Amino acid sequence: MALTSAMHLRCDDPARDAVTARRAGSRPARHHRIEEHTMSTLKERLHADVVSHMKDGNRIALNATRNVLSEIDTREKAGQTPIHLDDAQITTMLQKEASQYHEVARLYEEAGESERAATEIADAEVIEAYLPEPLAVGEVESIVDEVIASLKADGVELSLMHMGYVMKPVTEKVGGRFDGKALSEIVRTRLS
């Protein structure tokens, strides 16, 4: 009886938990300490916001956030080996999701379905709240110019054929804070 009741006590010593559990013939209990800290990843923030939206009864934000988390899980589990998406990859995915919602809203507007369009726009706004502040065109142009100047300083002759070579460091510096199509157009203009 004393041994069984000891298993139900929380103990800060994991070794003691393991010994108690082995004596009782079960696996050791794992006690995780939850430390208060800021959300370290975008995915953790999304999970926390799902709970918050449930408590607030905000169905639009709840559905949009759940859809995003579902898409993240699908991408992480797709393929032969599971992967973990970092914040930059999730930000890129969020940008694509938001633009898809806007595109669907535009199609609904053209079809005369203004209520559905409003729902899609509301979903896009929820997703856009997770995106970092976008960069201005001038800031992006200066980043592109810096990268091109540093590559030329390294002795690289640049032309349109080297667009991918320039886009990689530019994309890393921009970090999902500017539209990808517009970014590639700026790089293309600078290289031609």
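**Exercise 1. How many helices and strands does the secondary structure of the chain come to?**

Some ground rules come with this predicted model: local features need pLDDT of at least 70, side-chain atom pairs count only at pLDDT 80 or more, and totals for chains, interfaces and linings use all residues. Residues are numbered from 1 along each chain as its sequence is written, and side-chain values use heavy atoms, with hydrogens and water left out.

Solution. Start with the DSSP runs, numbered from the N terminus: helices are H or I with at least four residues, strands are E with at least two. The tally comes to 9 helices and 0 strands. Along the sequence, that reads α-α-α-α-α-α-α-α-α.

**Exercise 2. Work out burial, exposed area and contact range for the chain.**

Solution. Take burial to begin with: buried means under 20% relative accessible area, exposed over 50%, and partly exposed in between, using a 1.4 Å probe and protein chains only. Of the 192 residues, 29% count as buried.

Next, the area, by the Shrake-Rupley method with a 1.4 Å probe, where for residues only the protein chains shown count as cover. The chain exposes about 13,300 Å², and carbon and sulfur atoms supply 52% of that.

Then contacts, meaning heavy atoms within 4.5 Å. Look at those between residues at least 6 apart in sequence: 52% of them join residues at least 24 apart.

**Exercise 3. At what angle do the axes of helix α8 and helix α9 cross, and which residues meet?**

Solution. The axes of α8 (residues 163–174) and α9 (residues 180–191) come within 10 Å and cross at roughly 135°.

Now classify. Angles under 35 degrees count as roughly parallel, over 145 as roughly antiparallel, 65 to 115 as roughly perpendicular and the rest as oblique. The pair α8 and α9 is therefore oblique.

For handedness, a crossing is left-handed if the near helix is turned anticlockwise from the far one by less than a right angle, and right-handed if clockwise. This crossing of α8 and α9 is right-handed.

Finally, list the partners: Met163, Val166, Met167, Val170, Thr171 and Val174 from α8 meet Leu183, Ser184, Val187, Arg188 and Leu191 from α9. That splits into 8 nonpolar, 2 polar and 1 charged residues. Nonpolar covers Ala, Val, Leu, Ile, Met, Phe, Trp, Tyr, Cys and Pro, charged covers Asp, Glu, Lys and Arg, and the others, Gly among them, are polar.

**Exercise 4. Is Ala117 buried or exposed, and what does Ala117 touch?**

Solution. Locate Ala117 in helix α6 (residues 114–128). Its relative accessible area is 0%, so Ala117 is buried. Leaving out residues up to four places away in sequence, Ala117 touches Ala105, Tyr108 and Glu109.

Follow Glu109 back: this residue lies in helix α5 (residues 87–110). With 45% relative accessibility, Glu109 counts as partly exposed. With that sequence cut-off of four places, Glu109 touches Ser114 and Ala117.

Terms used. Axes are lines fitted to C-alpha atoms, for helices over the stretch in contact, and angles run from 0 to 180 degrees between N-to-C directions.
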